[in-house]
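Here is a short report on one protein chain. Look at the sequence and the model first, then read on.

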Amino acid sequence: MSDVAENNATHPNETPKNVFDFGAFVGDLIVEEDASSDDISLEGLQQELEECKNDDVVANILSKGIKLREYTKGVENNLRQVELDSIQDYIKESDNLVSLHDQIRDCDSILSQMETLLSGFQVEIGSISSDIKILQEKSMDMGLKLKNRKVAESKLAKFVEDIIVPPRMVDIIVDGEVNDEYLRTLDILSKKLKFVEVDPMVKASKALKDVQPELEKLRQKAVSKVFDFIVQKLQALRKPKTNIQILQQNVLLKYKYVISFLKEHSKEVYNEVRAAYIDTMNKVLSAHFRAYIQALEKLQLDIATSNDMIGVETRSTSLFSRGREPLKNRSAVFALGERLNILKEIDQPALIPHIAEASSLKYPYEVLFRSLHKLLMDTATSEYLFCDEFFGEESVFYEIFAGPFAVIDEHFNSILPNCYDAIGLMLMIRIIHQHQLIMSRRRIPCLDSYLDKVNISLWPRFKMIFDMHLSSLRNANFKLLWEDDIHPHYVMRRYAEFTASLIHLNVEYGDGQLELNMERLRMAVDDLLMKLAKMFSKPKLQIVFLINNYDMTIAVLKEAGPEGGKIQLHFEDLLKSNTGLFVEELLVEHFSDLIKFVKTRASEDPNASSERPITVAEVEPLVKDFASRWKAAIELMHKDVITSFSNFLCGMEILRAALTQLLLYYTRLSDFIKRIDGGTALNKDLVSISSIMYEIRKYSRTF
């Protein structure tokens, strides 16, 4: 408080807003000093005053200006009055308080009784809990016993069910027909037989002694009955015109469980059924394939004989040896032609022989070969899938098809040694490859070894025939082969067609060995062609003969495919080099003096000192000779080219090359004349370059 008074004294003229002046209202406080005054601390008084200044009561007291001491006395008086009033009220309510005390005491007595009663309940509940625990343990024990009894009951019931032989089952097995119900009953019998055979506990049971003889009788009866049934169904396969696939799928597969039953419960009878089916199908399929092959043989068209080699002279082939082969089929010996279509029809249905025979159709052997193997693939696929599903054994298929394979091998071994058709052999090799891909896509491996064997037998025969063609070229008598004709030789055409056919058949396969053999053939035909060319007396005719043959060969190779490979490039190089030789021969024939001069003297410098300088008089005859007959000479060259070359386009290209070369020679001559002293005097006789160019363009338009 003294701090407050001091603060007010320090700032007499300042009265802060919202701050009460306690000194004005309270006045001087006189504090009585006593022995404990030293212990009184006014610390925190200011903070308490700040907290109380917003109190409504304190603010009301201060606002009325009441002295603190007076207000304190008034409060004390009020408290004494309230105390007296309270005493009076207590005295008035004393009876009620006594009554309340009695009631509380009575309640306390009642609560004590309740406590005793509840304690008794608690004891009883404890004993009940103990009883419940005992009952729970008994219940768990009874539940475990019940579970064990149920397990024992189920096992016993299953044992009884598995071991007993119901009368209905006996009736069906003994007297019933083999149908769906019979198969279901057969399955039940199979389970019972397995049950008594496998479980060691069953073997030790007394019940087995009563049941086992009955089960054995039923097994024997079932085996006998289903054996007779299956054998009867198998006999239907032997009937003529029976659709084997339909019978297998719609009849036999319905009873495939019979085979499983026999395999498990009567191995000997199963082996009899298996052997009976194998024997039946072996004979049936062998007969079918033998009949089909005999029908196909009537449709065979002979293409080639041992005399149909590239280098064989046509006049050496007897007309009588060709009696059975139409002349129109002779081209098929070396050319592929429409025979290639067989590879596009690889998955078409097999030929129906009697329809083809009725139409008087004949086919190359590769068509019959594809048809036979198409039938083999389809039959083998169907039989393989059936055997796998019906018997569950792949070996059954191979035992069945031992017969058909032998029939086909016998036929093939009789055909192959007499086959001299190299194109047909290569087509058969490609057919086998396509058939292998088809079987691979079907995921049927049963023909893998057979197709490999056929492929292995085809390649040596093809190599043998190819070597015969090669030998015919190497050992050919070129004097007999030679004909006084500059047009393409028939031996070269054979070679071109034969090579083009093999190239076409090798496009998708890239067989390096075949390419190597074709290179050997190319070298042999090159050698023979050069020998034939040398038979002509004039070099020009030799060159024309070579150009015609090279051009024809390139044309045939291009027809086979856009990519002729190394062989085509080889002949293109030969054609180019021989074309250059022919151009020189043609120009020398008509302009020999001009060309000789240009080659020997035109490169000299006329102004240089030399023993014999070139004069106008020496050049003038050349110029006048050319000017007088150059058009006529070109016309003769044109006629010569037209008559010499079989291919008009090739001839026109050669003529154009010759005229271009002539223009180059004459241009060199003209340039040389301009450098000679007095050479201008010959300008009137020189033919203008534009005139020669015009003639060249005229023949180019003809081209």
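Axes are lines fitted to C-alpha atoms, for helices over the stretch in contact, and angles run from 0 to 180 degrees between N-to-C directions. Helices (H or I, at least four residues) and strands (E, at least two) are DSSP runs, numbered from the N terminus.

This is a predicted model: local features need pLDDT of at least 70, side-chain atom pairs count only at pLDDT 80 or more, and totals for chains, interfaces and linings use all residues. Residues are numbered from 1 along each chain as its sequence is written, and side-chain values use heavy atoms, with hydrogens and water left out.

**The whole chain**

The protein chain has 28 helices and zero strands. Of its 703 residues, 39% are buried. Buried means under 20% relative accessible area, exposed over 50%, partly exposed in between (1.4 Å probe, protein chains only). Contact means heavy atoms within 4.5 Å. Take the contacts between residues at least 6 apart in sequence: 80% of them join residues at least 24 apart.

| Helix pair | Angle | Axes |
|---|---|---|
| Helix 13 and helix 18 (residues 402-415) | about 20 degrees | 8 Å apart |
| Helix 24 (residues 539-560) and helix 25 (residues 565-600) | about 150 degrees | 9 Å apart |
| Helix 20 (residues 448-474) and helix 22 (residues 490-505) | roughly 155 degrees | within 12 Å |

Angles under 35 degrees count as roughly parallel, over 145 as roughly antiparallel, 65 to 115 as roughly perpendicular and the rest as oblique. A crossing is left-handed if the near helix is turned anticlockwise from the far one by less than a right angle, and right-handed if clockwise. Ala, Val, Leu, Ile, Met, Phe, Trp, Tyr, Cys and Pro count as nonpolar, Asp, Glu, Lys and Arg as charged, and the others, Gly among them, as polar.

Helix 13 packs against helix 18 at about 20 degrees, which makes the two roughly parallel. Their crossing is right-handed. On helix 13, the residues in contact include L285 and F289; on helix 18, they include V407 and I408. This contact has six nonpolar, four polar and two charged residues.

Helix 20 and helix 22 are roughly antiparallel. They cross left-handed. F462, F466, H469 and L473 of helix 20 meet V491, F498 and L502 of helix 22. Six of these residues are nonpolar, one is polar and none is charged.

**A residue in a loop**

D308 sits in the loop between helix 13 (267-297) and helix 14 (341-344). Is D308 buried or exposed? D308 is buried, because its relative accessible area is 3%.
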